[in-house]
Amino acid sequence: MVSTEEKIRTKEIFETKPVPAALAKMAIPTIVSQLITLIYNIADTWFIGQTNNPYMVAASSLVLTIFLMTAALANLFGVGGGNLVVRLLGGKDEEEAKKAASLSLVMAAGASLTFSVLCFLFMDPLLRLLGASDYTIGYAKQYLTFVVVIGAVPTVLANTMSAMVRNIGHSKEAGFGLGMGGVLNVILDPIFMFVIFPDGYQVAGAAVATMLSNVITLIYFILTYQKLKGETVLSLPRRVEKIRKDSLSSLFSVGIPAAMSLLLFDLTTMVINRLAAGHGDTQLAAIGIVLKVERLPLNIGIGICLGMTPLVAYNYASKNHKRMKEFFSAARFAGLVISVLCVVFYRFCAPYIVRAFISDADTVRYGTEFLQSRCFATPFMFLSFHMVHFMQAVNRGKVSFQLAVIRQICLNIPILILLNHFFGMSGIVWTQLIADAINVVVSYIIYRRLIGKIAS
């Protein structure tokens, strides 16, 4: 059973603490962990870029799209299970919440193992499909083998456990775990790339560093689960739990759209890489750097949204709709402020940022042009993510999935193909702004209709 002290602490954060303070308490550790995670993702690109080999940079960018699929699996069981758990807690059903948390972890382990095996069996055709050339496929196979084939299970489990820990109110512990993994990766990258592995295997060295950091992160969360056992609804699974049909349906109704939303985002990145590869490996390397650099405001925004989600979900379940909407508005304001500041930063500092990754003159020139253009999409991208997280929190998984389909399938990908045909790389770069501006208008029309039904 959950301790009385834990119940009081949860009640304060979710029910009585002032909205800005509660959001800050949940979001700041998550933002920090998101930034550190971003740093270690960028670190791979930065260290690989020090080889001044565009083919290595392009290869790591290609595999990133596959690696992001592990995040989709973590979303399936971390977001789906985590939101279910916090709504059950809001409804005072602790026993079902405990079973749901355990089952989510078991399913995450099984799904990630299956994904790992499939990537191993179909490695070559998968990389060719993503646009790997004869110059990049060898490096891409190095990266994929360690980061996904070997590393998928610890990566998915660590992120699923982090989501569970965060959703029950322990945002600091969740943030520390992911942040620790990021710091370890940054430390291990140069050791494996330039000391342990021979020249020509820098990509493999970066991949091993990432894999080991995720393994250590998983160990941390296993120890955290043991520490929280008895104080919270979390515990390491000892068997496959059975939960109510409505609970299982709720888990997947939010988890599947959450996973699919990320997969659709990943699909768009694959299309960008594929189209960019048609213009040359240098352009592919440049857009790969830009796609990672622009994650700075997006990861901060996602951290804000992840901090908001359990607060909105809890108050939705307890029918405190006024407080629920206050959390939604506060998160939106914070994310927009960050987004606008980053637009200014990227416009003026783009050449220095890209040059920090690679000194190849052509790559720097393309990267600067791409970043200065794509940065205008940042506020609209945040608003799109923010709305999807809100829909997940209020158990509207189908709506969140529809928004993702509208954004990626109906807008982003068709506009990418169309503008690439007429304007080449410039068209690819400007697509994000056009697609997300339209998507935000559609999202808020849907939101206005839905919020009236929820609050009525």
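The model is predicted.

Start in helix 4, which covers residues 94–121. S116 lies in this helix. Its relative accessibility is 7%, so S116 counts as buried, the cut-off being under 20%. What does S116 touch, leaving aside residues up to four places away in sequence? The contacts are V148, V149, I150 and A152.

Move on to helix 8, residues 171–196. This helix has 26 residues. From first C-alpha to last it reaches 36 Å. That is close to the 38 Å expected at 1.5 Å a residue. Where does helix 8 bend? The bend is at L188, and it amounts to about 30°. A proline follows within four residues: P190.

Now turn to the aromatic rings. Across the whole structure, a search finds 11 aromatic pairs. One of them joins F328 and Y447. Their ring centres are 4.7 Å apart, and the angle between the planes is 15°. The pair counts as stacked because its planes are under 30 degrees apart. F328 belongs to helix 13 (residues 321–355). Y447 belongs to helix 17 (residues 425–455).

Y447 has another ring partner, Y444. Here the centres lie 5.9 Å apart and the planes meet at 65°, so this pair is edge-to-face. Both tyrosines sit in helix 17. They are three residues apart, about one turn of the helix. Y444 has a relative accessible area of 17%, so Y444 is buried as well.

These contacts belong to a wider group. Which residues do the ring pairs link into a cluster? They are F328, F390, Y444 and Y447.

Finally, look at two arginines placed over rings. R365 lies over the face of Y366, 4.6 Å from the ring centre. R407 lies over the face of F385, at 5.0 Å from the ring centre.

How values were computed: Residues are numbered from 1 along each chain as its sequence is written. This is a predicted model: local features need pLDDT of at least 70, side-chain atom pairs count only at pLDDT 80 or more; totals for chains, interfaces and linings use all residues. Side-chain values use heavy atoms; hydrogens and water are left out. Helices (H or I, at least four residues) and strands (E, at least two) are DSSP runs, numbered from the N terminus. Buried means under 20% relative accessible area, exposed over 50%, partly exposed in between (1.4 Å probe, protein chains only). Contact means heavy atoms within 4.5 Å. The expected span of a helix is 1.5 Å times one less than its number of residues. The bend at a residue is the angle between axes fitted to the seven residues ending there and the seven starting there. Rings of Phe, Tyr and Trp (its six-membered ring) pair if their centres lie within 6.5 Å; planes under 30 degrees apart count as stacked, over 60 as edge-to-face and the rest as tilted. A charge sits over a ring if NZ of Lys or CZ of Arg is within 6 Å of the ring centre and within 35 degrees of the ring normal.
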